[in-house]
Amino acid sequence: MRDTDDVPDPVDARLAARLAELRAEHGWSLGELAERSGVSRSTLSRAERAETSPTASLLNRLCAVYGRTMSRLLSEVEAEPALLVRAAEQPRWEDRSAGFVRRSVSPPHAGLRGELVEGRLAAGADLSYDRPPVPGLEQHVWVLEGALGVTAQDVEHHLGTGDCLRMRVWGPTRFRCAGPEGARYALAVVLP
């Protein structure tokens, strides 16, 4: 019998099930997915069994392999998206180890190309993605509070409150909060 501390978060449990479904839909073994994603078989297995909460970096790698954005993946474990999403109902996901909180302000919808996300990075947080979930993804990063360093195409951009960076993502990116306080930003994501 599991201790209540061992019971996975309901969102993590649905996410684990969806990750297993995606792998099955593609007909891949854990080994094949490990080879395609660069993530170890044991880590993939633990994520699919909800034994661990996946990190943002891990989800990004899997999204790249499955050709979907992280918002789309996370929306697939939520109910059918509504036209109006009240603030209290907006899905929130946290990568505690990275100091990152992500809120889907406007969850993606199959018929639409854009979505809006709120990101929060704790002071000192450094979040790196080795590839975009979808090559050529358009992103607009608007800093609402604090300071944020965003690196794309080997160029680091230093953004302060009110600054906005527009970019197409083809390779690795990095979001860094080097300031003494956390940063909060809006991220508009548009599929190519």
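This is a predicted model: local features need pLDDT of at least 70, side-chain atom pairs count only at pLDDT 80 or more; totals for chains, interfaces and linings use all residues.
Side-chain values use heavy atoms, with hydrogens and water left out.

An open sheet of six strands has the order E1-E2-E3-E10-E5-E8 with antiparallel pairing, where strands (E, at least two residues) and helices (H or I, at least four residues) are DSSP runs numbered from the N terminus, and two strands pair if DSSP finds at least two bridges between them. The edges of this sheet are strand E1 (92-95) and strand E8 (164-169), each of which pairs on one side only, and the twist from one strand to the next averages 20°. Within this sheet, E3 and E10 run antiparallel and are joined by eight bridges; Leu 121 has Ala 183 in E10 as its bridge partner.

A further open sheet, of four strands, has the order E4-E9-E6-E7, again with antiparallel pairing. Strand E4 (126-129) and strand E7 (155-159) are the edge strands, each pairing on one side only, and here the twist averages 15° from one strand to the next. Strand E6 (residues 148-152) pairs with strand E9 (residues 173-176) in the antiparallel sense over four bridges, and the bridge partner of Thr 151 in E9 is Arg 174.

The axes of helix H2 (residues 30-37) and H4 come within 9 Å and cross at roughly 100°, the axes being lines fitted to C-alpha atoms, for helices over the stretch in contact, with angles running from 0 to 180 degrees between N-to-C directions. H2 is therefore roughly perpendicular to H4, a term that covers angles of 65 to 115 degrees. The contact (heavy atoms within 4.5 Å) is made by Leu 33, Arg 36 and Ser 37 of H2 and by Arg 61, Leu 62, Val 65 and Tyr 66 of H4.

One cavity of 30 Å³ or more is counted, a cavity being a set of points on a 1 Å grid over the protein atoms alone where a 1.4 Å probe fits but cannot get out. The largest cavity holds about 290 Å³ of space, and of the 23 residues that line it (an atom within 4 Å of a point), the closest to its centre are Met 70, Arg 102, Tyr 129, Gln 139 and Leu 187. Among the elements that give two or more residues to this lining are helix H4 (56-66), helix H5 (70-75), E4 and E9.

How values were computed: Residues are numbered from 1 along each chain as its sequence is written. On a 1 Å grid over the protein atoms alone, a cavity is a set of points where a 1.4 Å probe fits but cannot get out, and a pocket is an open set with protein on both sides within 12 Å along at least five of seven lines; lining residues have an atom within 4 Å of a point. Grid points are joined across faces, edges and corners, and a volume is the space filled by probe spheres set on the points. Angles under 35 degrees count as roughly parallel, over 145 as roughly antiparallel, 65 to 115 as roughly perpendicular and the rest as oblique.
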